[in-house]
Amino acid sequence: MAAPKWPIIGHEWAVELWQRSLATDHIAHTYLLAGPPQIGKSTLALTFAQALNCTGDESPCGQCRACRLIASGRHPDVRLVETERAASGERKGKREIGIDQVRALQHEVNLKPYEGRWKVAIIAGAEELSLEAANALLKTLEEPPPQVVLILTATSSEALLPTIASRCQLITLRPLPAATIESALLSRGVPAERARLLSHLAEGRIGWAIQASQDESLLIARQDTLAQLVRLAAARRSERLAYAQVLAQRFSRDGEGPEEVGAVLELWAGWWRDVLLVQEGCPELVVNVDREEVLRREAGRCRPEQSQAFLQALRQTQEQLAQNVNPRLALEVLLLSVPVGPG
Ligand SMILES: [Zn+2]
C-alpha cells in the first residue's frame, strides 16, 4: 500500500525517509533538519509530529483532534521552542534560545505523553541556543526519555556544537526548484505572472515565496532597492558617497540595521549575478525575471570583468561589515566601485 501523501511541498526524500521510519517503527529520538532559512523546515517537523500522533486512517490526516491541535500549536505533547524574536514574528525580543527555555522543555519531556503517543519537541533555529542552553540540552540528547522525539532545525550542522550535531540523525533539505514553487503558488490561486516572478526570486525558499505572495510590501521594498541601484550606476561620485553614508548610518542603528543593509547587499549581488548571466549569454538563468529589459541595458553598459569585480567587491564588503570594519569606509569603497559604463 502506498504511504498517504503528506501536505509538504518538495523535500520528497525526507518525507519518504520519515514515512519508512514510521512504517517500520524505527523512530530515532533526535533529528537535525538542516537547510537555508524559509525552505520549510519547521513545517516538515510539525507534519512529522502530526504523523507520529495522528489517530486518523491516513496519517497525518490533518482532520483528527491531534492533527488539528498540532497545526494550531495547542497540542499538549508537541512543543515548539524558538527565540522570542522568531516567536513574535515582528523581529522583537531576545535573539537567543536561553537556558530557561531548555530547562522548561526538559521538565516537560520527562513527563509521560498526556494524550499523544509521542512527545515531540521542535527546537527551531537551534544555532541560536546560548552556550549554556546548548550544554544543558546535551544531557537530553545523550539520554532521551522513551516516547520522546527531539527535532532540531538549523541552517547547517556546522552551525551547532559538534557534540550536539553528532547526536542527531541529520536530514539535509535543499532549496526547492523554481518549477516546484511556481506550481505550489499557482495551486494557491496566485496569478500566473506573479507566481513565475516569485518562484524565481525565492531562490528555493518556499516559505518566502508564500509570504511574499500574501505580503505586497516585500516586493515593493525589492523594487525600491533595485531602482536605487540602477540609479547609482549612472550617478555622480558625490551622490554615491552620499548614499554610502545613508547605508552606513542605517547599518549602525541598533537592532535591525546590519540585517537591513545585509539584505540590500544580497539583493545587489543577485542583480549583478543576473547582469553577468546576460553578459555571458545565459539570460534564461536570471532571477530577476521581471526586469529583463533593464538587465539587458545594464549588461550592455559594462564588461563582464567589471561585473565580476563588483560581485567580488560586494562579497568583500559583506565580510568586512561582519568583522566590524568601519562601515562608512567599507561602503564608500563599495559604492565607488559600482561599474560605470561608457555612458
Ligand atoms: Zn490526524
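Predicted model: local features only at pLDDT ≥ 70, side-chain atom pairs only at ≥ 80, totals over all residues.
Two strands count as paired here if DSSP finds at least two bridges between them. Helices (H or I, at least four residues) and strands (E, at least two) are DSSP runs, numbered from the N terminus.

## Ground rules

Residues are numbered from 1 along each chain as its sequence is written, and side-chain values use heavy atoms, with hydrogens and water left out.

Five strands make an open sheet in the order 2-3-4-1-5, and the pairing is parallel. Strand 2 (78-81) and strand 5 (169-172) sit at the edges, each pairing on one side only. On average, neighbouring strands are turned by 15° against each other, direction ignored; axes are lines fitted to C-alpha atoms, for helices over the stretch in contact, and angles run from 0 to 180 degrees between N-to-C directions.

Zoom in on strand 1 (residues 30-34) and strand 4 (residues 148-154): they run parallel and are joined by five bridges. Y31 stands opposite I151 of strand 4. Helix 5 (residues 99-109) lies across strand 2, strand 3 (119-123) and strand 4, at about 165° to strand 3.

## Two cores

A nonpolar core is a set of buried Ala, Val, Leu, Ile, Met, Phe, Trp, Tyr and Cys residues joined through side-chain atoms within 4.5 Å. Buried means under 20% relative accessible area, exposed over 50%, and partly exposed in between (1.4 Å probe, protein chains only).

The largest core has 52 residues, and W268, W272, L334 and L335 touch the most other members. Helix 13 (residues 257-279) gives the largest share, ten residues. Skipping neighbours within four places in sequence, L334 is in contact (heavy atoms within 4.5 Å) with L265, W268, F310, A313, L314 and T317. Another core, of 26 residues, lies apart from the largest one and includes L17, I27, F48 and L173.

## Helix 13 and its partner

Helix 11 (residues 216-233) packs on helix 13 at an angle of about 65°, the axes being 10 Å apart. The residues in contact are R222, T225, L226, L229, V230 and L232 from helix 11, plus V264, L267, W268, W271 and W272 from helix 13.

V278 also belongs to helix 13, and it counts as buried because its relative accessibility is 17%. Setting aside neighbours within four places in sequence, V278 is in contact with P283, V286, L295, R296 and A299. R194 is 84 residues from V278 in sequence and 22 Å away in space, C-alpha to C-alpha.
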